[in-house]
Each structure stands twice: as structure tokens, then as C-alpha cells.
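Here is a friendly briefing to read alongside the model. Keep the sequence and the structure open as you go through the points.

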Amino acid sequence: MSNETVYWEDVPEGMEIPPFVRKTGLMEWNRFAAANEEHFEYHMDHVAGKAMGFPNAIGMGNLRFAYLNNLLEDWAGEQGRVKVVGCQYRGMNLEHDTLTCWGQVIRKFVENGEHLVELHIGVRNQKGEETAPGRGVVVLPSREA
Amino acid sequence: MPDISEVIQELRAQIGKEYGHRTSLPVDKSAIRLWAIGTRWPEPPKRLYWDEEYARKTPWQGIIAPPGFNPFAYHVDEERMQGPSTYGLLRTGEGNRGINAGGEATYHAPIRPSDVITSVSKIVEVSDLKTTRLGPSVFVITETRWTNQKGEVVRVYRGMGMRY
């Protein structure tokens, strides 16, 4: 987590932002289930996950979505804000996966007075498989403002 | 047993009609803190989400909920889940099983403690019949809009579901 303010003017297109990384398993899933009231047996119980054909319990898509929020939020800082976060669920989050949420700047623009940065984002597992590709937009502070 | 083309017809007939109205209970600071912990553990939650004194000095001028916070967990004040969300779900068989294929949230006004959030959804698009790994399938795009007690838009979510 960085506390340094990132200004819109200082961000080049193509730049990769610092990743947000989590190793996930029952400890992470149960804590998220408690926050989101997302208590499904296949997220909490290995027997239920195995019954669905997975090696063990599986993680929530919503948790990966929340991690993508964190990725952008950490970068934008408290002087900026997250405006858009989205992803498609393409792969599962299995137990002990190390998820790396990544982002790369694809466009900078100004709209309605807001200094905006659009990014490709996603969630890769430790095998390098992209499990949740998507898009984000953040508002950054401007040196002109 | 209905086949998926019937389900597609039913879903298309509902495009643009509102369904799934929900109103939250007033958002509690503890729920915000719990969300901040549950989405960031094992790192500690950010001070903005639990320390009022700290949060007052930020541009937000007080505690806000993290983007993505769900104000509808653990009971809602009013729940009238009617309309297309129930289409097909009361039956079994083709077109009535669903998976969450993804979505995109646009955040507007932040959620603050004591806010009361109202949610309403509509179907915006229903694909033609597709064949996926799971068999005959259809993709449904829905839009869910959250507003606060002042009528400000808080979040608009475009979700993509797949039925098969």
C-alpha cells in the first residue's frame, strides 16, 4: 500500500500500476463471507467443493472483484477515487491460489472536469492464468487543480 | 418442461421493466469496518473506513464505505423481489440455471454511515441463443442502480449473467 499521491500528469499511458497480491484460502473466504453474507457451502467446506468437481472449496468472484477495487483504490489514494471497476469471470479461484491483481494504463482523458485514467485490469493466478480480465477507471488529482 | 427459447422470450418481454426493489437498513459503521477487514485481510483495514477523526481530515470529510461495499447484507428493510429475476427460477430445467459471468460497477456518491440505500434493477439486453460448454445458453445483461436517501446515485452496476 502506497501513501504517495499519484498525479494525473505524471502517469504515462502504458504504465503498470503496483499489483495487489493475496494468497487465498478458507481464512480469506470466510472473512469475506462474513462481510458479504455470502455463506455457500462450496465456499466454506472442502467436501462441498469436491462434490462439484473441484479439488477443494472455491473462492468467491465477489472477493476478486473486491480485490480489484483495492488495487485501484491503493493506487488512486485518498486524493483520488475509483470510478469504474469491472471484470469477467473466466477461471476459478482455488484454495491456496496466489492472486495477483494487476493494472495497466491504456488511456488518459478529462471529462466533466475530472482527470481520468482508464486501465486494463485483471486477476492472475500463480500459473499466470488470467481469471478475471476487466477494465477500470480512476479519478486522479491534477497538479493544475 | 420449458426449453431455453421460452425463457429467452420471457426475459425479452421484461426488458426495461424495473424489478428487485430493495431498501437497506441504515448503514452501520461496524458493517463498513467488517467489509474493510474482509476484503483486505491479512493487512489491516484502512483508517478511512473506521477512524472518524482521521477520516474527517481526508477529502471525504468523514468515514465512507469502501467502493464495492454491500449495504444489503444481513437483512433489508423492504424486499420486494418481483419481476424478471424470478423468471425461470421457479422451475427446473433448461434456461433456469445461472452463473455470474461478470459485471462493471460505476461508483458515484460514496456510501456513508447512516445512509439508506435503495436498489432497483432492470434487464437491458438478452442475447440470442448461444451454445457454450454448458449447452444451450443465453447471456442476460442487467442494470442495477443504487440511490441514497437524498436521491443521489451511488452505484450503477451492469451485470452479465449466463443461463443454461
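B:Leu11 is buried in this predicted model, with a relative accessible area of 1%; buried stands for under 20% relative accessible area, exposed for over 50%, and partly exposed for anything in between (1.4 Å probe, protein chains only). The residue sits in helix α1 of chain B, residues 4-13; helices (H or I, at least four residues) and strands (E, at least two) are DSSP runs, numbered from the N terminus. B:Leu11 lies 113 residues from B:Val124 in sequence, while their C-alpha atoms are 9.9 Å apart in space.

Residues are numbered from 1 along each chain as its sequence is written, and chains are lettered from A and ligands numbered from 1 in the order in which they are written. The model is a prediction, where local features need pLDDT of at least 70, side-chain atom pairs count only at pLDDT 80 or more, and totals for chains, interfaces and linings use all residues; side-chain values use heavy atoms, with hydrogens and water left out.

**Chain B as a whole**

- Chain B has three helices and seven strands, and from the N terminus on they run α-β-α-α-β-β-β-β-β-β.
- Of its 164 residues, 46% count as buried.
- Among the contacts in chain B with a separation of 6 or more, 72% are between residues 24 or more positions apart; a contact means heavy atoms within 4.5 Å.

**Around B:Ser121**

- B:Ser121 belongs to strand β4 of chain B, residues 118-126, and is buried at 9% relative accessibility.
- Which residues does B:Ser121 touch, leaving aside its neighbours within four places in sequence? They are B:Lys17, B:Glu18, B:Tyr19, B:Glu143 and B:Thr144.
- With B:Thr144 there is a side-chain to side-chain polar contact of 2.8 Å. A polar contact is a pair of N or O atoms within 3.5 Å; within protein, one must be able to donate a hydrogen and the other to accept it, and residues adjacent in sequence count only if both atoms are side-chain atoms.

**Helix α2 of chain B**

- At the start of α2(B), a side-chain oxygen of B:Asp28 comes to within 2.8 Å of the backbone nitrogen of B:Ser30.
- The buried residues of this helix are B:Ile32, B:Trp35, B:Ala36 and B:Gly38.
- Their cover includes two elements of chain A, α1 (26-36) and α4 (61-76).

**Where the chains meet**

- Chain B brings 32 residues to the contact and chain A brings 34 residues.
- The size of an interface is often given as the accessible area lost when the parts come together. Here about 2900 Å² is buried between chain B and chain A, with carbon and sulfur atoms giving 49%; the figure is the accessible area (1.4 Å probe) that the two parts lose on being put together, summed over both.
- On the chain B side, B:Trp41, B:Tyr74 and B:Tyr107 lose the most area to chain A, together 21% of what that side buries.
- Five salt bridges are counted between the chains, each one a side-chain nitrogen of Lys or Arg within 4 Å of a carboxyl oxygen of Asp or Glu.
- A salt bridge joins the side chains of B:Glu104 and A:Arg135, at 2.9 Å from N to O.
- On the side of chain B that touches chain A, the elements giving two or more residues are α2 (29-38) and β3 (98-107) of chain B, and β3(B) provides the largest share, eight residues.
- That side divides into 17 nonpolar, 11 polar and four charged residues. Here Ala, Val, Leu, Ile, Met, Phe, Trp, Tyr, Cys and Pro count as nonpolar, Asp, Glu, Lys and Arg as charged, and the others, Gly among them, as polar.

**Chain A as a whole**

- Chain A has four helices and five strands, in the order β-α-α-α-α-β-β-β-β along the sequence.
- Its C-alpha trace spans about 55 × 30 × 25 Å along the principal axes.
- Of the 145 residues of chain A, 52% count as buried.
- Residues 24 or more positions apart make up 67% of the chain A contacts with a separation of 6 or more.

- A:Cys87 is in no disulfide, and the nearest cysteine sulfur, that of A:Cys101, is 9.2 Å away.
- A:Cys87 is buried at 3% relative accessible area, and A:Cys101 is buried at 0% relative accessibility.

Technical notes: A disulfide is a pair of cysteine sulfur atoms within 2.5 Å.
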